[in-house]
Amino acid sequence: MSAYSTLEKRFRRMNALTEASGVLGWDMSTVMPSGGAEARMEQLAVLSGVCHEILTGAEVGELFDKAVEAKGELNGWQLANLREMQRIWRHATALEGDFVEAKIKACKRCEMVWRSARPEGDFAAVLPTLKEVLNLTQQEARVKSEIFGCNSYDALLDHYEPGGKSARIDAIFDDFSSFFPDFLQNVLDKQATRSKPVMPDGPFPVAVQEKLGREMVQAVGFDFNHGRLDVSLHPFCGGVPDDVRITTRYDEADFMISLMGVLHETGHAMYERNLPPDWRLQPVGAARGMTMHESQSLIIEMQASRSPEFISYMAGKAQHAFGASGTAWSVDNMRGIYNQVQPDFIRVDADEVTYPAHVILRYRLEKELISGNMQVEDLPQAWGDGLEGLLGIRPPNNRLGCLQDIHWYDGAWGYFPTYTLGAMAAAQLFEAAKKANPEIPQALTRGDFSPLMSWLNVNVHNWGSFLSTDELLTRVTGHPLDPQIFKKHLKARYLDS
């Protein structure tokens, strides 16, 4: 067996264990009783330790040397797979196995404390475990930055957006921050000249919301033979490509929060389901980083599902589901609701215009925390100051402020910028899709996502990690990530329409 084939076998075994961890993690976040937390932390830590051992054995470095020497015998996909294997291996060998297990336990412990602290807005309760997570994350960042020859933040960012650089993100976000205040005010001024949309009266029973949500995600193409829809404190997409788990949360006073949330997670799920099957359990067969992953959720939720065409379809379905009638359920009113811009506290419920401000705030805060320029005790105050500076509002409590997202408490540092980078990529991809197939908007009036999904399958999903984010965007749209297209989209939807 060649060195490359031996590496493929090793990675297949490791990724199968990683998928098992993913399903255990889903269970922990949805249905596991709280009394199982300690045992589950031990299980996840041990699985991570075993995966680390598979990657870091003394013989693995020799296998890579031999595989590189014989790379002339490999085809394009195998070469890309070898590249991705090496990147993952470099991350793994930067850390000791004991450290990996300790960090997993610390993150899961902190997550469980967060789950009880968030509803009460009790930041003090989670502070000790969050400090431990941040300390371990800072240690990881320092070690990797020395090995990779980059700054600490970029060392963490590479895990979520391979090859991503904070210097480029700074430039993109600074440019958007300059554009944002005047644009937001112009949008709010235009809205003020129109009648305010009327919110439909609830209550909206959870069972009916769930039924409507299932109908909508099936319209996108979600296959319940290969996935589930459940409830969690924070909506997410997990599981594995053959068994994708999506979650949402319900509010009986507002069915729209859940509906758009589940459509968002379905975008993630469809990406996972349609990754290249020939490269299952290999690094090149995985999603191409979180910028591309977020682009797939946002092309469904923001680009397609908030389009005038789809809202005209969805309005009728919602009216029928809840047995309602009246002006509040008209297509024009529904369009007004779904495209209403209003600065608010919760990121996952934010409108398309103000959402990037939430992400920019978190990005700037986590950079300060990772660098040590800010202490974690100062997070609530810094959060309030930052949100007030960006959106002119200050959260009245920590539940609506720094406790609302799971990411830092679960150890995901370096993740946040990919949300807005993904929104920019989504606008770029949707524009290209409509040019390639002008029938896409008309199909959405019938609730038919198949033309859009077929285009995404061919041009995004089936490429896995064969190309970098910018290479993939260039191949599909003619150029790398272009934030100006996102601005153009926002102007067209919120000012020119």
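**View 1. Glu377 and Lys131 meet through their side chains in a salt bridge, with 2.9 Å from N to O.** A salt bridge here is a side-chain nitrogen of Lys or Arg within 4 Å of a carboxyl oxygen of Asp or Glu. The pair links distant parts of the chain, 246 residues apart: Glu377 lies in the loop between α14 (355-371) and α15 (379-391), and Lys131 in helix α6 (residues 123-148). Helices (H or I, at least four residues) are DSSP runs, numbered from the N terminus. Glu377 is partly exposed, with a relative accessible area of 38%, and Lys131 is partly exposed at 39%. Buried means under 20% relative accessible area, exposed over 50%, and partly exposed in between (1.4 Å probe, protein chains only). The model is predicted: local features need pLDDT of at least 70, side-chain atom pairs count only at pLDDT 80 or more, and totals for chains, interfaces and linings use all residues. Residues are numbered from 1 along each chain as its sequence is written, and side-chain values use heavy atoms, leaving out hydrogens and water.

**View 2. Arg168 pairs with Asp470 in a salt bridge whose closest N and O atoms are 2.7 Å apart.** This pair also joins distant parts of the chain, with Arg168 in helix α8 (residues 166-192) and Asp470 in helix α19 (residues 469-477), 302 residues apart. Arg168 is partly exposed at 39% relative accessibility, and Asp470 is partly exposed at 24%.

View 3. The structure holds 34 salt bridges.

Technical notes
Helices (H or I, at least four residues) and strands (E, at least two) are DSSP runs, numbered from the N terminus.
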